Every structure is written in structure tokens, then in C-alpha cells.
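Please keep the sequence and the model in view while reading.

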Amino acid sequence: MNAIAKKLSPTITNMIRMDHTHVLETFHQYEIGTKPRVKQALVNTACVALEIHAQLEEEIFYPAMRTVSTDSAVLEKSYPEHDAMRTLIAQLRAMEPTDAEYDQTFMKLMRDVMHHVADEETTLLPDAERLLTDRLGELGAEMTKRRLQLAAPRAGEIAYNTVRGLPTTSMLVAAGAVLAGTYLVKRSSRRPFSFR
Ligand SMILES: [Fe+2]
Ligand SMILES: [Fe+2]
């Protein structure tokens, strides 16, 4: 990765925060009354994002923290916590969204994720910003590169889940925004009003 790409890449800590936000935003769209097809798409989106995120942290972030961190308790419990999430992800994949345990299993996964994210964001990320300082950008660039490698073979799956997970209202809002944009463009292309 060249120097410009390294400068443009977010720091590794901000990239981790963005991943957390993406998973939690996906979770916030999941309601008990949501259609099963949409529930499954939201769960799949969250699960793929978590799998890629966990692998990136294990390959790049956690090893970098190991080289500088003095208090490793949160770091060391992060690995088994990722494995526990993988177990719940496997259970969800083996279920149908109409199964009695589906909602509960996803809620358990998200509860665990929230605890894990809270530990990372209040302990590991501030430690990283104190201790890794000038390496944060370089590690962010490394994470971007590895993310592309991990996401490429799953691009079809990611796009399919994103579209299926869109609620009808979002599609209508998106269509409305396009129509409003067309109207504004047409309006702005008219001759401007003049006081002369
Ligand atoms: Fe993690
Ligand atoms: Fe994380």
C-alpha cells in the first residue's frame, strides 16, 4: 500500500469503532415483528460483519496490542469471547428465522457483542491510542488491505443480505429522495428569478 493510501486510511481504532457501529445499527433494525425474510438478512449481515471484524482484530489489532500492553486481561479474554460469538453465529445459521429460538439466540449474540464492544471501546482502544500512537495509521492501512481480501469472496453474500434486509419504508424513502433530487435539479436549471 502506497504512502497516500496509508494517509487516507482511517486509523485502526476508528476503523474498529466504525465496524462496531455498523453491527449495532444492523441490530437496531431488528424488531420482533420484522418479517422473517428481513430478520434473516439482518442476522446474516451482522454475522458476516462480526466474522470479518473478529478475524481482523485477531490477526492485526490484538497482536499489535500484545507488543505494548501492560494489562492484558481484557485482551486475553477477547479471544474466547470471539469464539463464543462464532458458536452463536453457527447456531443462528442452522436455524430458520421462524424458529422459536431465533430471536432469543440473536439477542444473546448481540448482548455478548455489546459487552465485548464496551470493553474494547473503554479499555483497548484508548490504550491503543496512548501506546501505539504513530502506528495507528499504518495498522489501519494494513487492516483495510486485509479486509478487502476477506470481504472479496463474500461480496455476493454481503450485497444480497444488504438488499434483502432493507425494510420497504427505506426503499420508499430512497425512491422519494431520488424523485426530490430530480425535482430540485430541474428547478435549479430554470432561469433564476431577477429583481431587475
Ligand atoms: Fe473483538
Ligand atoms: Fe471489536
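## Charged pairs and salt bridges

Arg 130 and Asp 127 both sit in helix α5, 3 residues apart, which is about one turn of the helix. The model is predicted. Arg 130 forms a salt bridge with Asp 127, and the closest N and O atoms are 2.7 Å apart. Arg 130 counts as exposed, at 58% relative accessibility. Asp 127 is buried, with a relative accessible area of 15%. Salt bridges with shared partners also join Glu 51, Arg 93, Arg 154 and Glu 157 into one network.

The search of the whole structure finds 15 salt bridges.

| Residue | Partner | Closest N and O atoms |
|---|---|---|
| Asp 19 | Arg 147 | 3.1 Å |
| Arg 86 | Asp 83 | 2.9 Å |
| Arg 130 | Asp 127 | 2.7 Å |

Which parts of the chain does the salt bridge of Asp 19 and Arg 147 link? Asp 19 forms a salt bridge with Arg 147. This pair links distant parts of the chain: Asp 19 lies in helix α2 and Arg 147 in helix α6, 128 residues apart. Asp 19 counts as buried, at 14% relative accessibility.

Arg 86 and Asp 83 both lie in helix α4. They are 3 residues apart, about one turn of the helix. Arg 86 is partly exposed, with a relative accessible area of 29%. Asp 83 is partly exposed too, with a relative accessible area of 43%.

## The two iron ions

Which residues are the protein donors of the iron ion (ligand 1)? They are Glu 57 (OE), Tyr 62 (OH), His 82 (NE2), His 116 (NE2) and Glu 120 (OE). Distant parts of the chain are linked here: Glu 57 is in helix α3 and His 116 in helix α5, 59 residues apart. Both Glu 57 and His 116 are buried.

The iron ion (ligand 2) has His 20 (NE2), His 53 (NE2), Glu 57 (OE) and Glu 120 (OE) as protein donors. The site of the iron ion (ligand 2) is irregular, with angles of 79 to 167 degrees among its 4 donor atoms. His 20 in helix α2 (residues 12–28) and Glu 120 in helix α5 (residues 102–131) link distant parts of the chain, 100 residues apart. His 20 is buried, with a relative accessible area of 4%. Glu 120 counts as buried, at 1% relative accessibility.

How far apart do the iron ion (ligand 1) and the iron ion (ligand 2) lie? They lie 3.3 Å apart, and Glu 57 bridges them.

## Aromatic pairs

The structure holds 4 aromatic pairs. One of them is Tyr 30 with Phe 106: the ring centres are 4.8 Å apart and the planes stand at 50 degrees, so the pair is tilted. Tyr 30 lies in the loop between α2 and α3 (36–66), and Phe 106 lies in helix α5, so this pair ties together parts 76 residues apart in sequence. Tyr 30 is buried, with a relative accessible area of 6%. Phe 106 counts as buried, at 0% relative accessibility.

Tyr 62 and Tyr 79 form an edge-to-face pair, with ring centres 5.2 Å apart and planes at 70 degrees. This pair also links distant parts of the chain: Tyr 62 in helix α3 and Tyr 79 in helix α4 (residues 73–93), 17 residues apart. Both Tyr 62 and Tyr 79 are buried. Ring pairs also link Phe 27, Tyr 30 and Phe 106 into a cluster.

## Nonpolar cores

In soluble globular proteins, nonpolar side chains tend to be buried together. The largest nonpolar core here has 22 residues. Ile 12, Phe 61, Leu 132 and Met 143 touch the most other members. Helices α2, α3, α4, α5 and α6 (136–151) each supply at least two residues of this core. Helix α3 gives the most, with 8 residues.

Leaving aside residues up to four places away in sequence, Leu 132 touches Ala 64, Met 65, Val 68, Asp 127 and Leu 139. A second, separate core has 21 residues, including Phe 27, Val 43, Ala 46 and Phe 106.

Technical notes
Residues are numbered from 1 along each chain as its sequence is written. Chains are lettered from A and ligands numbered from 1 in the order in which they are written. This is a predicted model: local features need pLDDT of at least 70, side-chain atom pairs count only at pLDDT 80 or more; totals for chains, interfaces and linings use all residues. Side-chain values use heavy atoms; hydrogens and water are left out. Donors are N, O and S atoms within 2.8 Å of the metal (3.2 Å for Na, K and Ca); water is not among the atoms, so sites may look incomplete. Four donors count as tetrahedral if all angles lie between 85 and 135 degrees; four count as square planar and six as octahedral if opposite donors are over 155 degrees apart and all others between 65 and 115; anything else is irregular. Helices (H or I, at least four residues) and strands (E, at least two) are DSSP runs, numbered from the N terminus. Buried means under 20% relative accessible area, exposed over 50%, partly exposed in between (1.4 Å probe, protein chains only). Rings of Phe, Tyr and Trp (its six-membered ring) pair if their centres lie within 6.5 Å; planes under 30 degrees apart count as stacked, over 60 as edge-to-face and the rest as tilted. A nonpolar core is a set of buried Ala, Val, Leu, Ile, Met, Phe, Trp, Tyr and Cys residues joined through side-chain atoms within 4.5 Å. Contact means heavy atoms within 4.5 Å. A salt bridge is a side-chain nitrogen of Lys or Arg within 4 Å of a carboxyl oxygen of Asp or Glu.
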